[in-house]
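Here is a short briefing to keep beside you while you look over this protein.

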Amino acid sequence: MRKLNSGRTLYYGKGDVLTYRTYAKPLSVGPIAESAYDGDVNVIFAHNIKFAVGAETLLTSFTEGDNAHVVATDSMKNFILRNASSYEGSTTEGLLAYISDRFLEKYPHITAIDIEATRIPFSRVQVAGADGFEPSKLVYRPSHNEKAHARLEFERSEAGGEARIVGHRSGVADLQLIKVSGSSFFGFVRDEYTTLPESFDRPLFIYLNVNWTYGDPTDAFGGDKYVAAEQVRDIAHHVFHEFNTPSIQYLIYRIGLRVLERFPQLEQVFFESNNRTWETIVDPEGVGKPGVYTEPRPPYGFQGFTVSRDDLAEAGSA
Ligand SMILES: O=c1[nH]c(=O)c2[nH]c(=O)[nH]c2[nH]1
């Protein structure tokens, strides 16, 4: 939540609002070279939502215990759950914008909203059909892989006024990928503190959060320019597969360039990565030969990096 006009930080809200909406409008997205994903039936459109509000008029609730303007966080939870039923769109960002719009309409004294959600992914199980195995239309199972994430911030300058979007980002969180061969790490600073040997072919295990912003934030709500987290995930898969990478730093830069090349409607891509590379116990005798590894010991390395449209213009192409 941003500071209020007075310069004060003031907000309150509800977290872990688990919202299992069924039969939302199906999502359909255009194809890209790196992904077979073409949309979601959205039969289970489930989210973990975090919702916070701010307003100068709430100051006395903190300083004087005056609850006259306080919408109970329990009511916020009810508001989110009940209004999720009338959302007619098919995206996480659209749902968050819809809930925020309705809340601002209902409670004119609220001047700021910070809302975020992580999609709770479910996939369809395979069942035998007339023409072989097919996805069930009725039975789903939770998926414990990466998840889509979105956050929107709204503000208005006066009670009951028009709100504007003052912050937005979409993303995919907790992507975990291991590439067994085709990654190296050498040529780094060697001095009296260096114990890490150079590696010319390491099994690289990464954790990745990818976030992106649109040139026009309303493109995130749905429509032709919507970018699905699954497509960005698949670009990450593809680029990792494609490039022999000298470091995680270089890998995330290449993924960022490709995402911006595929989606001109995006303004920038931001990465947070972790190095979770396995510890080697038995070195393989060559590429494709058996090796034995175990979980790495703490601590772990991490990187943060923004890739912008200027980077893509400079690189020429991804
Ligand atoms: O991809 C990497 N980048 C680093 O900066 C680094 N540092 C390290 O110890 N291992 C790695 N791997």
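This is a predicted model: local features need pLDDT of at least 70, side-chain atom pairs count only at pLDDT 80 or more; totals for chains, interfaces and linings use all residues.

The protein is divided into two parts, domain 1 (12-162) and domain 2 (171-315). Strand S4 (residues 44-54) is largely enclosed by the rest of the structure, and it pairs with S1 and with S5.

**Domains**
- The centres of domain 1 and domain 2, taken over C-alpha atoms, are 28 Å apart.
- Where the domains touch, domain 1 brings 20 residues to the contact and domain 2 brings 20 residues.

**Strand S4 and its partners**
- Of the eleven residues in S4, eight are buried, so the rest of the structure largely encloses this strand.
- S4 pairs with strand S1 (residues 12-22) in the antiparallel sense, over nine bridges.
- To find this pairing on screen, look for Gly-13, which stands opposite Ala-52 in S4.
- Strand S5 (residues 112-119) also runs antiparallel to S4, and eight bridges join the two.

**A nonpolar patch on the surface**
- Tyr-23, Leu-138 and Val-139 form this patch, and together they have about 360 Å² of accessible area.
- Leu-138 lies in strand S7 (residues 132-142).
- The relative accessible area of Leu-138 is 71%; residues over 50% count as exposed, so Leu-138 is exposed.

Terms used: Residues are numbered from 1 along each chain as its sequence is written. Side-chain values use heavy atoms; hydrogens and water are left out. Buried means under 20% relative accessible area, exposed over 50%, partly exposed in between (1.4 Å probe, protein chains only). Helices (H or I, at least four residues) and strands (E, at least two) are DSSP runs, numbered from the N terminus. Two strands pair if DSSP finds at least two bridges between them. Patches are made of residues with over 30% relative accessible area and no salt bridge: like charges are joined within 9 Å, nonpolar side chains (Val, Leu, Ile, Met, Phe, Trp, Tyr) within 5 Å. Accessible areas come from the Shrake-Rupley method with a 1.4 Å probe; for residues, only the protein chains shown count as cover. A salt bridge is a side-chain nitrogen of Lys or Arg within 4 Å of a carboxyl oxygen of Asp or Glu. Domain bounds come from an automatic or database domain assignment. Contact means heavy atoms within 4.5 Å.
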